[in-house]
Amino acid sequence: MDSFEEWAKAAEYQCFQDWGDTVVELGASWDSFKRKSKDEIVGDLVSGGVPILAARDITEIASAKVRKSQEPMAVFWDLENMPIPAEASGRDITSTLKAILSHQGDLVQFRGYASIGLNHIPVEKRSDLQLSGCHLVDCPHHGRKEVADKMIIVDAMQFAFQHPNGATLCFITGDVDYAYLLATLQRPQWRTIVISRGTMQSMLHI
């Protein structure tokens, strides 16, 4: 997650635009908003010169940001549909993706799905992925279609229901077959992120 100072100065909320610099000057950090008592946080801000209404808004927004960053996150990568670019290493791409997603939650699962037998992923790239913490899930086809898609859907739903109080699910795919899954996951406690082909290229500068 970005430092609190960087985030506070870039935040688009009016309360931060008006009082963000003051909050930073008071020495606030992400740890300041991890305290259980919001009244204490508000009181500290008010004593530092922040108006009470702005202090309440700042506390609510920053505390929610902290909670989100601590919620579990899983990444589901359809490697058959979104393979590693030929000119890139699996290690570099995995590391970049982790860095980009780091402020979205606490990464507890990173999975890549493909049929190993079909040689969608060269041995060297498979090794890169595994060494970088990406767990490869073999999706043998045996004449069946959309095997990886179905396994991702099942694993994603299982992850979501294992974390009923909040979780972030990231899908790396260019397949529209996940539309119904994404619609099903549109509940307040779950957040979904989709990285498509164009987004991937832009994020990774490839």
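Q: At its relative accessibility, does R111 count as buried, partly exposed or exposed?
A: The general idea is a scale of relative accessible area, on which buried means under 20%, exposed means over 50%, and partly exposed covers what lies in between, computed with a 1.4 Å probe and for protein chains only. On that scale R111 counts as partly exposed, because its relative accessibility is 24%. This is a predicted model, in which local features need pLDDT of at least 70 and side-chain atom pairs count only at pLDDT 80 or more, while totals for chains, interfaces and linings use all residues. Residues are numbered from 1 along each chain as its sequence is written, and side-chain values use heavy atoms, with hydrogens and water left out.

Q: In which element is R111 found, and which residues does R111 touch beyond those up to four places away in sequence?
A: Elements are DSSP runs, numbered from the N terminus, with helices taken as H or I runs of at least four residues and strands as E runs of at least two. R111 belongs to strand 2. A contact, in turn, is a pair of heavy atoms within 4.5 Å, and once residues up to four places away in sequence are set aside, R111 touches V75, F76, W77, C134, H135, V137 and D155. As a spatial reference, Q189 lies 78 residues from R111 along the chain, and the two C-alpha atoms are separated by 22 Å.

Q: With which residue does R111 form a salt bridge?
A: Side chains of opposite charge can pair when their charged atoms come close. The criterion used here is a side-chain nitrogen of Lys or Arg within 4 Å of a carboxyl oxygen of Asp or Glu. By that criterion R111 pairs with D155, the closest N and O atoms being 3.2 Å apart. Because R111 lies in strand 2 (residues 106-114) and D155 in helix 7, the pair ties together parts that are 44 residues apart in sequence. D155 counts as buried, at 15% relative accessibility.

Q: How many salt bridges does the structure hold?
A: The structure holds six salt bridges. One of these joins the side chains of K38 and E60, at 3.0 Å from N to O. K38 lies in helix 3 (residues 38-47) and E60 in helix 4 (residues 52-70), so this pair ties together parts that are 22 residues apart in sequence. K38 is partly exposed, with a relative accessible area of 30%, and E60 is likewise partly exposed, at 40%. Another salt bridge links K68 with E71, whose closest N and O atoms are 3.8 Å apart; here K68 counts as partly exposed at 24%, whereas E71 counts as buried at 14%.

Q: How many disulfides does a search of the whole structure find?
A: A disulfide is a pair of cysteine sulfur atoms within 2.5 Å, and a search of the whole structure finds zero of them. C139 is in no disulfide, since the nearest cysteine sulfur, that of C134, is 11 Å away. For C170 the closest cysteine sulfur is also in C134, at 12 Å, which is too far for a bond. C139 is buried, with a relative accessible area of 0%, and C170 counts as buried at 0% relative accessibility.

Q: Where does P140 lie?
A: P140 lies in the loop between strand 3 (135-138) and helix 7 (147-162), and at 31% relative accessibility P140 counts as partly exposed. Leaving aside neighbours within four places in sequence, P140 is in contact with S115 and V147. P140 and C170 are 30 residues apart in sequence and, from C-alpha to C-alpha, 23 Å apart in space.

Q: How many helices and strands are there in the protein chain?
A: There are nine helices and five strands, and from the N terminus on the elements run α-α-α-α-β-α-β-α-β-α-β-α-β-α. Of the 206 residues of the chain, 42% count as buried. Among contacts between residues at least 6 apart in sequence, 69% join residues at least 24 apart. The C-alpha atoms fill a box of roughly 70 × 35 × 25 Å, taken along the principal axes.
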